[in-house]
Amino acid sequence: MKKYVVIAMLALLSTACSNPHHNDGMKSQLDAIRVMIKQSALMAANAACAETGEKTMLIHAAAVQDRRAMGGPEMAKIHKMMNMQPDASGGMNMGKEDKMSAEMKMHVALHDAGEDVFDFLDGLGETPGISCQQAAPASMAASAAMLREATSGEANNEETISSAKKLDQSVTAILNKQDDALVPPQVRALALALQRI
């Protein structure tokens, strides 16, 4: 699914992102999308450990929330602010990463994370599918991501920040020592994507 990665026109983007009010509006849209993607990832990870009926509901809920994040009004506003137009393949035009603004880099990271949630959900539906044990790194990464969200804008919340760091360190340790048989590619990709947002 990553072949549909977003692409942007750099000349227009640099002009558009130079306005401070524009940046504030873009930041609030990106923040809202980031929260929705983290929520969908946490529901997806929880689905791996749920019983059949609950698993189906959680997969559906995660897909609904991820679709909302990727195709909702916030994403449409960002694309409009960045003067982005779909190309012939349905993707968006994007420049080189080293010349992207911080907002554009976050935009791309959010698209990647959203696609990784969909890939994870596809993996849950396969046979035998992603097991609860295999999903653990994604589950911990999603929990750490939600903890980081809880500290957003707060200067002194050391216990929450410390808990998020410990979870992220555990995720990294698992990913460093496990192979694809124990940690499926969809789990690895989602865990890493969540650590970037």
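This briefing covers the overall make-up of the protein chain, helix H5 and its packing against helix H3, and the region around Pro128 and Gln134. The model is a predicted one. The protein chain contains eight helices and zero strands. Of its 197 residues, 43% are buried.

**Overall make-up**
- Read from the N terminus, the order of elements is α-α-α-α-α-α-α-α.
- Among contacts in the protein chain with a separation of 6 or more, 75% join residues 24 or more positions apart.

**Helix H5**
- Helix H5 covers residues 102-125, a run of 24 residues.
- At 1.5 Å a residue, H5 should span 34 Å, and the distance of 35 Å between its end C-alpha atoms agrees with that.
- H5 is mostly covered, with 18 of its 24 residues buried.

**Packing of H3 and H5**
- Two packed helices are described by the angle between their axes and the distance between the axes.
- For helix H3 (residues 52-71) and H5, the angle is about 160° and the axes are 10 Å apart.
- Angles over 145 degrees count as roughly antiparallel, and H3 and H5 are therefore roughly antiparallel to each other.
- The crossing of H3 and H5 is left-handed.
- On the H3 side, the residues that meet H5 are Lys55, Ile59, Ala62, Ala63, Asp66, Arg67 and Met70.
- On the H5 side, Leu110, His111, Gly114, Glu115, Val117, Phe118, Leu121 and Leu124 meet H3.
- Sorted by class, the contact of H3 with H5 has nine nonpolar, two polar and four charged residues.
- An α-helix has 3.6 residues a turn, so residues three or four places apart point the same way.

- Pro128 sits in the loop between H5 and helix H6 (132-150).
- The peptide bond from Thr127 to Pro128 is cis, and its omega is near 5°.
- Most peptide bonds are trans.

**Gln134 in H6**
- Gln134 belongs to helix H6.
- The relative accessible area of Gln134 is 18%, and buried means under 20%, so Gln134 is buried.
- Leaving aside residues up to four places away in sequence, Gln134 touches Gly129, Ala181, Leu182, Pro184 and Val187.

Methods
Residues numbered from 1 in each chain as written. Predicted model: local features only at pLDDT ≥ 70, side-chain atom pairs only at ≥ 80, totals over all residues. Heavy atoms only, no water. Helix = DSSP H or I, 4+ residues; strand = E, 2+ residues; numbered from the N terminus. Expected span 1.5 Å × (residues − 1). Buried < 20%, exposed > 50% of the residue type's maximum accessible area, 1.4 Å probe, protein only. Axes fitted to C-alpha atoms, helices over the stretch in contact; angles between N-to-C directions. Parallel < 35°, antiparallel > 145°, perpendicular 65-115°, else oblique. Left-handed = near helix turned anticlockwise from the far one by under 90°. Contact = heavy atoms within 4.5 Å. Nonpolar A, V, L, I, M, F, W, Y, C, P; charged D, E, K, R; others polar.
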